[in-house]
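Subject: A structure for you to explore

Hi,

Here is the structure I promised to hand over. Have a look at it first, and then read on for what turned up in it.

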Amino acid sequence: QTPNSSVDSAQDKQGGDSATGGPLLLVNQLERMFQVGSSTLHVLKGIQMSVMPNQLVMLKGRSGSGKTTLLNCLGGLDTPSKGEILFNGLPFSRMSDDERTHVRRRQMGFIFQAFALMPLLSAWENVELSLRMAGTPRSEWKSRVEQCLELVGLEKRMHHRPFELSGGEQQRVAIAKAIAHKPLLLLADEPTAELDTGMSAQIMSVFQNIITTENVSICMTTHDPTILEVADHVYEMVDGKFI
Ligand code: ADP
């Protein structure tokens, strides 16, 4: 048995929680504290939330309220101080480090405010790199790269490099890159923060499109009130708690 087969087989056997109508992501009484010198900074204070399959969930709140810290915990990039996160029915705390890494690499996709593209690679090569990292067989790369770039509306920009693309187009490459390995959950930290209103609206319509066509759920942070209306659910965070 490989370190990761228990994660896959547990989900196959159960069909995963999401396949049985349960949440894809369930968060129970999550807390995160940081030790800063001699004092303790209590950043997340008992977070309860869920993301259902094919949902677009937004975490809204002022800068410093704790949104990124929460997103990092949801993506297994940070470890909570208390509480539990269940992904597809499986608690993070009961997974080994290898299993958590496997879930993060194979079943999640990440999108950041600053696009995070490789500057010297074309849109095509950026998406291909993501398939290579995820261990997708080489024979599938060409058709999947094409499909992902078409899904985000960049079929005419496939061979452009990031500096030859607008901010909105760069973010669409980043989305193509994040969905290439067919994750169940996309986590996006302020994906529209660098964009003007028109481009933000385009990104949100790409999100709505991929939720349907790719069967993915999206959990994103934002402080932009103009995009909230497309969310299925909005959690508002104030000082580490939802109100
Ligand atoms: P938001 O994304 O809503 O702007 P963050 O989650 O980035 O908020 O930050 C919330 C608070 O947690 C801030 O006061 C920040 O300084 C603090 N914080 C985040 N990460 C750390 C860390 N690694 N060590 C100490 N404090 C942190």
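Let's begin with two helices. In α7, the residues Gly 167, Gly 168, Gln 171, Arg 172, Ile 175 and Ile 179 meet Met 199, Gln 202, Ile 203, Val 206 and Ile 210 of α8. Here, two residues are in contact if their C-beta atoms, placed from the backbone, lie within 7 Å. Helices are DSSP runs of H or I with at least four residues, strands are runs of E with at least two, and both are numbered from the N terminus. By class, this contact of α7 with α8 has six nonpolar, four polar and one charged residues. Ala, Val, Leu, Ile, Met, Phe, Trp, Tyr, Cys and Pro count as nonpolar, Asp, Glu, Lys and Arg as charged, and the others, Gly among them, as polar.

Please keep in mind that this is a predicted model: local features need pLDDT of at least 70, side-chain atom pairs count only at pLDDT 80 or more, and totals for chains, interfaces and linings use all residues. Residues are numbered from 1 along each chain as its sequence is written.

Back to the pair: the axes of α7 (residues 167-179) and α8 (residues 197-213) come within 9 Å and cross at roughly 20°. Axes are lines fitted to C-alpha atoms, for helices over the stretch in contact, and angles run from 0 to 180 degrees between N-to-C directions. The two helices are therefore roughly parallel to each other; that label covers angles under 35 degrees, while over 145 is roughly antiparallel, 65 to 115 roughly perpendicular and the rest oblique. α7 passes α8 in a right-handed crossing, where right-handed means that the near helix is turned clockwise from the far one by less than a right angle, and left-handed means anticlockwise.

α7 also packs with α5 (residues 123-134), at an angle of about 25° and with the axes 8 Å apart. That makes α5 roughly parallel to α7. From α5, Ala 123, Asn 126, Val 127 and Ser 130 meet Val 173, Ala 176 and Lys 177 in α7. Four nonpolar, two polar and one charged residues make up this contact.

Now for the sheets. β1 and β2 are joined over 10 bridges, and Leu 25 stands opposite Val 51 in β2. Five bridges join β1 to β4 (residues 82-87). β4 and β5 form a hairpin with two residues between them, and Asn 88 in the turn has a positive phi of about 55°.

The other open sheet has six strands in the order β6-β7-β8-β3-β9-β10, with mixed pairing. β6 (108-111) and β10 (241-242) stand at the edges with a single partner each, so one side of each is left without a neighbour in the sheet. Inside this sheet, β3 and β9 pair in the parallel sense over five bridges, with Gly 61 partnered by Met 237.

Which residues are around the ligand? They are Phe 34, Val 36, Leu 41, Val 43, Gly 61, Ser 63, Gly 64, Ser 65, Gly 66, Lys 67, Thr 68 and Thr 69, counted as near if the C-beta atom, placed from the backbone, lies within 6 Å. α3 gives the most to this shell, with three residues.

Happy exploring!

How values were computed:
Two strands pair if DSSP finds at least two bridges between them.
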